[in-house]
Amino acid sequence: MTLWMVSVVVVLLLSLLSNMGFSKEDSSPDNINIGAIFSFGTINGRVSNISMHAAVEDINSNPNFLHGRKLVLSTHDSNYSGFLGIIGGLQYMETNTVAIIGPQASGMAHILSHLANELHVPMMSFTALDPSLASLQYPYFIQTAPNDLFQMTAVADIISYFGYREVIALYTDDEQSRGSMIALGDKLEQRRCRISYKAVLSPEAKATRGEIANELLKVSMMESRVIVVHAFAVIGLQVFDLARKLRMMDKGYVWIATSWLSTVIDSTPVSAYKSTQGVLTLRPHTPDSNRKRAFLSRWKKLSNGSIGLNPYGLYAYDTVWTIANAVANFLDNGGTISFSNNPNLIGLGGGNLNLGALSMFDEGSELLRIILETNTTGLTGQIAFDSEKSVVRPSYDIINVVSKGGYKLIGYWSNYSGITVVPPEIVYAKGSDRSSSNQRLDDVLWPGQTRVKPRGWVFPNNGRKLRIGIPNRVSYKAVVSKDENTSEIRGYCIDVFLAAIKLLPYAVPHKFVLFGDGRNNPSYSELVRMITSNVFDAVVGDIAIVTNRTKIVDFTQPYIESGLVVVAPTKKFYSSPWAFMRPFTPLMWVVTAAFFLIIGFVVWILEHRINDEFRGPPKKQLITVLWFGFSTMFFAHRENTMSTLARMVLLIWLFVVLIITSSYTASLTSILTVQQLTPSIKGIDSLITSNENIGFQVGSFAENYLNEELNIPKSRLVPLGSPEEYADALDRGRVAAVVDERPYVDLFLSNYCMFQAVGREFTKSGWGFAFPRDSPLAMDMSTAILALSENGELEKIHDKWLKTSDCGQTSSKDSDQLQLKSFWGLFLMCGIACFLALLVYFCLMLHKFTRHFPQQSENDPSIKRGSKSIRIKRFLSFVDEKEEELKNKLKRKHIEVVSRGSAEDHEPSSVYHDRRNGNSDFY
């Protein structure tokens with residue numbers, strides 16, 4: 001308001017004052033005048049009146065406190081009228097008033113503050129708490145209680161603490177409430193919350209019960225069930241009374257009242273408890289002290305039991321003392337109190353107007369400075385102001401109305417520590433800690449006598465279903481599509497959504513609305529943006545969760561993993577000179593070669609005594625072993641086998657060789673004759689550097705990602721609308737590769753096996769359902785999706801719609817190779833046969849050896865000394881000896897024995913016994 005406008009108001013009001021008979025009172029030099037403007041019929045007005053007079057009485061009880069002067073308090077009843085309040089302010093401007101306490105309402109304060117600026121009269125109020133009054137525009141207006149900016153911050157913290165995201169604000173349409181609601185909206189926005197609806201009532205006490213009832217009916221039709229009430233006590237009590245009658249104080253509702261309700265509870269509890277059970281409210285926190293307890297004990301006598309004391313009574317008492325202390329300090333420093341005419345008002349009068357009655361306080365700026373530098377302790381705790389003229393250490397008690405007979409203190413709020421169960425004065429002593437573990441309140445009894453925290457929202461009771469946008473796809477219809485026969489919306493995404501809402505503890509009335517022209521896939525980014533423009537309440541479909549979308553909407557938990565991959569065509573793989581080695585893995589080659597050697601060695605052992613082809617010099621025998629072993633690979637071994645054991649081993653080995661060579665031949669034939677495919681693009685990196693065209697699905701976020709994140713020019717990007725277009729573009733070479741999300745690629749490759757997904761997924765994301773920012777339904781749906789994942793239902797839905805078949809083709813070269821695990825049974829069988837043959841052979845040899853070489857006489861000392869080593873050498877020589885030669889030697893010895901018949905009787909019986917059996921020692 002400009003000086004000219006203020007002057008006009010002053011002229012008009014002074015004219016009225018002259019006609020009403022107001023005149024300038026004589027001011028005694030022994031008195032210090034202060035004024036107070038309140039509606040003394042209100043609770044705060046009555047309590048403040050008693051407290052201010054008590055403070056004046058206490059100040060004047062010490063004659064020396066103000067240097068022998070008395071503090072005189074004049075009161076003016078504005079009687080709920082802003083007009084009368086302004087008149088009271090002008091009246092005080094005529095009477096050499098050093099300070100004014102009030103006015104009670106912010107509307108009057110805005111006007112009177114301009115006058116105070118011109119006349120240098122400090123104005124101090126503990127009830128006009130509009131945050132805008134603390135601005136530099138009103139240097140002479142001081143709020144001696146925490147203004148509503150702090151109270152609205154406390155309300156926003158409470159709402160955020162309980163996890164609510166939308167609230168309804170019900171308030172009176174006056175300057176104080178409007179400013180407070182602006183502050184609340186700002187604080188909620190900082191916490192990602194918002195005011196979803198503002199229910200505005202007529203200002204001051206003019207709202208009728210019918211008007212209040214109509215607004216409450218509108219509120220009951222809204223989605224949010226969290227309601228903040230900011231009004232005068234007379235209006236607020238009617239709001240709760242009507243809400244109870246409309247059954248809006250039942251379970252499911254959350255009511256938060258500002259400090260007006262705690263004022264009513266403290267001063268007139270009977271009127272408040274009846275309709276406010278379960279309500280949360282704030283009360284300015286005043287720490288306990290001896291002075292406070294002493295004043296509380298005096299209160300019953302001061303008020304004659306007519307009304308209870310509330311914190312604003314304590315602020316009234318401290319405000320008077322603040323003025324008195326400042327005046328005393330001013331006088332102690334040699335200051336004098338004087339008034340003069342305001343030069344800005346000279347010449348504005350005329351006729352009967354007495355503009356000279358408005359006196360300017362000459363030392364007003366000095367007194368203002370002293371007030372703002374105050375730092376003392378009063379009934380409300382520390383009295384001091386910060387650089388923005390706000391009281392230091394603002395804090396509130398958080399109260400829960402629990403029954404008809406009382407309330408419960410469940411915690412505190414301060415701008416230093418936030419929400420806590422520890423009193424602010426203790427927190428200030430310990431230090432601030434705003435960690436989530438320290439942000440807590442005691443249990444709350446909510447409306448409906450329940451301790452279960454209300455959800456805070458319901459679907460609007462206005463008959464409108466949730467409008468859910470569905471992409472009208474023309475490709476990959478298994479994901480989501482419209483059935484042409486039944487017009488039903490169906491698909492994988494729809495089944496997931498329907499299964500999730502069945503798990504919610506409440507009904508979700510909804511209707512699906514297709515988005516798109518049905519000829520091309522729609523733009524998913526545009527579909528998501530339609531949530532912000534209130535066209536849709538949610539979007540369900542194959543919506544990729546990407547950064548730019550999360551900035552404007554909230555997504556649920558992903559119900560399927562996704563990510564961009566590259567699909568590329570393939571080209572012929574040309575064989576290398578070493579292609580013949582590919583049928584077997586290296587381990588298979590090693591084991592096969594080892595068995596060829598083992599078989600050759602085993603057969604050599606079994607045939608060595610009886611088969612001349614396996615005898616001869618060591619070099620020849622080694623060559624025979626190697627030749628025989630490896631020649632069995634082609635069944636070309638020319639050596640005959642005479643031993644039964646060798647024939648058994650060889651028979652089993654030839655069967656193994658038959659299987660191995662047949663498998664090798666088939667695998668090598670496949671490698672050399674069947675077309676082998678390998679991708680021409682290896683991944684996203686080679687695709688970027690290739691400078692070739694890249695295909696993407698119409699409507700997908702892939703276009704923006706490739707262009708904005710990977711800096712691929714749009715000229716290289718080719719939109720493709722269907723799997724058929726993918727295949728055609730890849731076949732014809734219009735694109736070098738297609739970039740799409742993994743679920744689409746899996747479906748595409750299940751039908752087009754001549755293409756491959758190459759490289760790795762170069763993004764990680766998923767599909768989710770989109771909801772408006774801070775929508776509580778998004779959180780509940782996320783919980784439901786997690787439950788579907790845990791109980792296996794999500795996988796069943798996926799298999800129903802998106803299960804793909806394998807092409808039987810793989811890009812791995814090693815997958816064509818024959819591995820040992822496919823043949824280990826054959827090798828095991830052959831190995832066991834070799835072991836058993838050798839075991840039987842050595843047992844037979846040992847038996848024959850013991851028959852031909854019985855234990856020598858123990859009397860022979862030479863044999864006794866080396867019997868063990870000699871017998872081993874004899875055994876090895878016996879095994880190495882050819883069977884036929886051994887027989888001939890034994891036969892010759894037998895003939896010699898017969899010719900020496902005369903010496904027969906002298907031979908040992910054991911030798912005679914051996915000769916009769918045709919055996920003899922050939923050594």
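Analyst: Start with burial: a residue counts as buried under 20% relative accessible area and as exposed over 50%, with partly exposed in between. Keep in mind that this is a predicted model.

User: Is Ser481 buried or exposed?

Analyst: Ser481 has a relative accessible area of 8%, which is under 20%, so Ser481 is buried. Ser481 sits in strand β19 (residues 481–482).

User: Which residues is Ser481 in contact with, leaving aside its neighbours within four places in sequence?

Analyst: They are Glu488, Ile489 and Arg490. Separately, a polar atom of the Ser481 side chain lies 3.1 Å from the backbone oxygen of Lys477.

User: How many residues of helix α9 are buried?

Analyst: The cut-off used for a single residue can be applied along an element. In α9 (residues 259–267), 9 of the 9 residues are buried, so the helix is largely enclosed by the rest of the structure. Among them are Trp260, Leu261, Val264 and Ile265, together with Ser262, Thr263 and Asp266.

User: How do I read an aromatic pair?

Analyst: Look at the distance between ring centres and the angle between planes: under 30 degrees is stacked, over 60 is edge-to-face. The structure holds 36 aromatic pairs. In one of them, Phe497 and Phe512, the ring centres are 6.0 Å apart and the planes are at 65°, so the pair is edge-to-face.

User: Where in the chain are Phe497 and Phe512?

Analyst: Phe497 belongs to helix α15 (residues 492–502) and Phe512 to strand β21 (residues 510–515). They are 15 residues apart, and the pair links distant parts of the chain. Phe497 is buried at 2% relative accessibility, whereas Phe512, at 26%, is partly exposed.

User: What kind of aromatic pair do Phe748 and Tyr752 form?

Analyst: That pair is stacked, with 4.9 Å centre to centre and 20° between the planes. Phe748 is buried, with a relative accessible area of 2%. Both rings belong to one aromatic cluster, which also includes Tyr476, Tyr726, Tyr744, Phe755 and Trp767.

User: Which residues form a nonpolar patch on the surface?

Analyst: Here the reading turns to side chains at the surface. Trp824, Leu828, Ile832, Phe835, Leu836 and Leu839 form such a patch, and together they have about 630 Å² of accessible area. Trp824 lies in helix α27 (residues 824–852). Its relative accessible area is 53%, over the 50% cut-off, so Trp824 is exposed.

How values were computed:
Residues numbered from 1 in each chain as written. Predicted model: local features only at pLDDT ≥ 70, side-chain atom pairs only at ≥ 80, totals over all residues. Heavy atoms only, no water. Patch = residues over 30% accessible without salt bridge, like charges linked within 9 Å, V, L, I, M, F, W, Y side chains within 5 Å. Areas by Shrake-Rupley, 256 points an atom, 1.4 Å probe, with all protein chains shown as cover. Salt bridge = Lys/Arg side-chain N within 4 Å of Asp/Glu carboxyl O. Helix = DSSP H or I, 4+ residues; strand = E, 2+ residues; numbered from the N terminus. Buried < 20%, exposed > 50% of the residue type's maximum accessible area, 1.4 Å probe, protein only. Polar contact = N/O pair within 3.5 Å; in protein donor to acceptor, adjacent residues only side chain to side chain. Contact = heavy atoms within 4.5 Å. Phe/Tyr/Trp six-rings, centres within 6.5 Å; stacked < 30°, edge-to-face > 60°.
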